[in-house]
Amino acid sequence: MQRKEAEKEMKKHPQFKLVEFNGATLSAKFYHKDCGRVFENKSFRWFLKQPKCPHCAKEQGFTIENLQQEITNLVGDEYT
């Protein structure tokens with residue numbers, strides 16, 4: 001995957017901006033527009049599967065509502 005393709009994929013997640021791209025399976029850096037922080041993820045593809053800011057995720061904590069929202073994001077209303 002080239003950077004141009006990666007930036008196209010990032011349009012699906014407008015709250016994030018790609019800062020550094022080293023390849024689809026290598027680490028990448030992202031900017032979270034909501035909190036203004038830059039963070040690194042172990043793999044660009046991994047981030048696309050679970051696009052979230054680690055700083056904000058820690059602040060939110062784990063709740064049933066967060067888990068339900070993640071499931072809905074993954075499978076939609078397929079199992080309701």
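## Chatting through the fold

Colleague: In this chain, what share of the contacts with a separation of 6 or more comes from residues 24 or more positions apart?

Modeller: Contact here means heavy atoms within 4.5 Å. Take the contacts in the chain with a separation of 6 or more, and residues 24 or more positions apart account for 16%.

Colleague: What kind of model are we looking at?

Modeller: Residues are numbered from 1 along each chain as its sequence is written, and side-chain values use heavy atoms, with hydrogens and water left out. Local features need pLDDT of at least 70, side-chain atom pairs count only at pLDDT 80 or more, and totals for chains, interfaces and linings use all residues, as this is a predicted model.

Colleague: Which pattern does the chain follow along the sequence?

Modeller: Helices (H or I, at least four residues) and strands (E, at least two) are DSSP runs, numbered from the N terminus. You'll find four helices and three strands in the chain. Read along the sequence, they give α-β-β-β-α-α-α.

Colleague: How many bridges join strand 1 to strand 2?

Modeller: Two strands pair if DSSP finds at least two bridges between them. Strand 1 and strand 2 run antiparallel, and K17 has Y31 in strand 2 as its bridge partner. The number of bridges joining strand 1 to strand 2 is five.

Colleague: Which residue in the turn between strand 1 and strand 2 has a positive phi?

Modeller: These two strands form a hairpin, with six residues between them. In that turn, the phi of about 135 degrees belongs to G23.

Colleague: And strand 2 with strand 3: which residue in that turn has a positive phi?

Modeller: Strand 3 covers residues 37-41 and runs antiparallel to strand 2, joined to it by five bridges. One of the facing pairs puts A28 opposite N41 in strand 3. The two strands form a hairpin with four residues between them, and the turn residue with a phi of about 80 degrees is G36.

Colleague: How many residues make up the largest nonpolar core?

Modeller: A nonpolar core is a set of buried Ala, Val, Leu, Ile, Met, Phe, Trp, Tyr and Cys residues joined through side-chain atoms within 4.5 Å. The members here include A6, M10, L18, A28, F44 and C53. In all, the largest core has 12 residues.

Colleague: Which element gives the largest share of this core?

Modeller: Helix 1 (3-10), strand 1 (16-21), strand 2 (28-32) and helix 2 (44-49) each give two or more residues to the core. The largest share, three residues, comes from strand 1.

Colleague: Is H32 buried or exposed?

Modeller: H32 sits in strand 2 and touches Q15, F16, R37, F39, C53 and C56, not counting residues up to four places away in sequence. Buried means under 20% relative accessible area, exposed over 50%, partly exposed in between (1.4 Å probe, protein chains only). H32 comes in at 6% relative accessibility, so H32 counts as buried.

Colleague: How far apart are the C-alpha atoms of C56 and P14?

Modeller: C56 lies in helix 3 (residues 54-60). C56 and P14 are 42 residues apart along the chain, and their C-alpha atoms are separated by 16 Å.

Colleague: Why does H13 count as buried?

Modeller: H13 is found in the loop between helix 1 and strand 1. H13 touches L48 and P51, not counting residues up to four places away in sequence. H13 is buried because its relative accessible area is 15%.

Colleague: Is I64 buried or exposed?

Modeller: You'll find I64 in helix 4 (residues 64-75). With a relative accessible area of 52%, I64 is exposed.

Colleague: What about K49, buried or exposed?

Modeller: K49 belongs to helix 2. Its relative accessibility is 60%, so K49 counts as exposed.

Colleague: Last one: what percentage of the residues in the chain is buried?

Modeller: Along its principal axes, the C-alpha trace spans about 35 × 30 × 20 Å. The chain has 80 residues, and buried ones make up 22%.
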